[in-house]
Amino acid sequence: MKIYYSKKFEREYKKLPIRIKKMAEEKEKVFRINQSDPKLNTHKLQGRLNSYWAFWVDQKYRIIFEYAKKDVIWFHSIGDHSIYK
């Protein structure tokens, strides 16, 4: 699987606390092995974001992503719940 990072994701990631960055990296490792691992709480989004999915970094932070093609995923956003707006 290939994961690409949008410019927006990269900007948001740089602003995160170091603790959250480390957690996000660990969750990405889990995601690469099994996108449906219960630790991630992967879920399809609703409303205007209904073509995207998200998974938990922790209870507050999420990563929004998109299945672009078979084995190609784009990470679009990372942050707290305000990223859904």
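**A hairpin, its sheet and the rings around it**

Strands S4 and S5 form a hairpin that has 2 residues between the strands, and in the turn Asp-71 has a positive phi of about 65 degrees. Helices (H or I, at least four residues) and strands (E, at least two) are DSSP runs that are numbered from the N terminus, and two strands are said to pair if DSSP finds at least two bridges between them. What you see is a predicted model, in which local features need pLDDT of at least 70 and side-chain atom pairs count only at pLDDT 80 or more, while totals for chains, interfaces and linings use all residues. Residues are numbered from 1 along each chain as its sequence is written, and side-chain values use heavy atoms, with hydrogens and water left out.

Asp-71 lies in the loop between strand S4 (62–69) and strand S5 (72–79), and its positive phi occurs although it is not a glycine. With a relative accessibility of 48%, Asp-71 counts as partly exposed; here buried means under 20% relative accessible area, exposed means over 50%, and partly exposed is in between (1.4 Å probe, protein chains only). Asn-41 is also not a glycine, and it has a positive phi of about 50 degrees. Asn-41 belongs to the loop between helix H2 (18–33) and strand S2 (43–44), and with a relative accessible area of 35% it is partly exposed.

Strands of a sheet pair through backbone hydrogen bonds, either parallel or antiparallel. S4 and S5 run antiparallel and are joined by 7 bridges, and within this pairing Tyr-67 has Ile-73 in S5 as its bridge partner. S3 and S4 also run antiparallel, with 4 bridges joining them, and they form a hairpin with 5 residues between them; here Trp-53 stands opposite Phe-65 in S4. S1 and S5, by contrast, run parallel and are joined by 4 bridges, with Ile-3 standing opposite Ile-73 in S5.

A nonpolar core is a set of buried Ala, Val, Leu, Ile, Met, Phe, Trp, Tyr and Cys residues joined through side-chain atoms within 4.5 Å. The largest such core has 16 residues, of which Phe-31, Phe-55, Val-57, Ile-63, Phe-75 and Ile-78 touch the most other members. H2, S4 and S5 are the elements that give two or more residues to this core, and H2 gives the most, with 4 residues. Leaving aside its neighbours within four places in sequence, Phe-31 is in contact with Met-1, Ile-3, Leu-40, Phe-55, Phe-65, Ile-73 and Phe-75. A second, separate core of 5 residues includes Leu-45, Leu-49, Ala-54 and Ile-64.

Rings of Phe, Tyr and Trp (its six-membered ring) pair if their centres lie within 6.5 Å, and planes under 30 degrees apart count as stacked, over 60 as edge-to-face and the rest as tilted. By this rule there are 13 aromatic pairs. The rings of Phe-55 and Phe-75 have centres 5.8 Å apart and planes at 65 degrees, so this pair is edge-to-face. The pair links distant parts of the chain, since Phe-55 is in strand S3 (residues 53–56) and Phe-75 is in strand S5, 20 residues apart, and both residues are buried. Phe-65 and Tyr-67 are edge-to-face as well, because their ring centres are 5.3 Å apart and their planes are at 80 degrees. Of these two, Phe-65 counts as buried at 0% relative accessibility, while Tyr-67 counts as partly exposed at 36%. Ring pairs link Tyr-5, Phe-9, Tyr-13, Phe-31, Trp-53, Phe-55, Phe-65, Tyr-67 and Phe-75 into a cluster.

Note on methods: Contact = heavy atoms within 4.5 Å.
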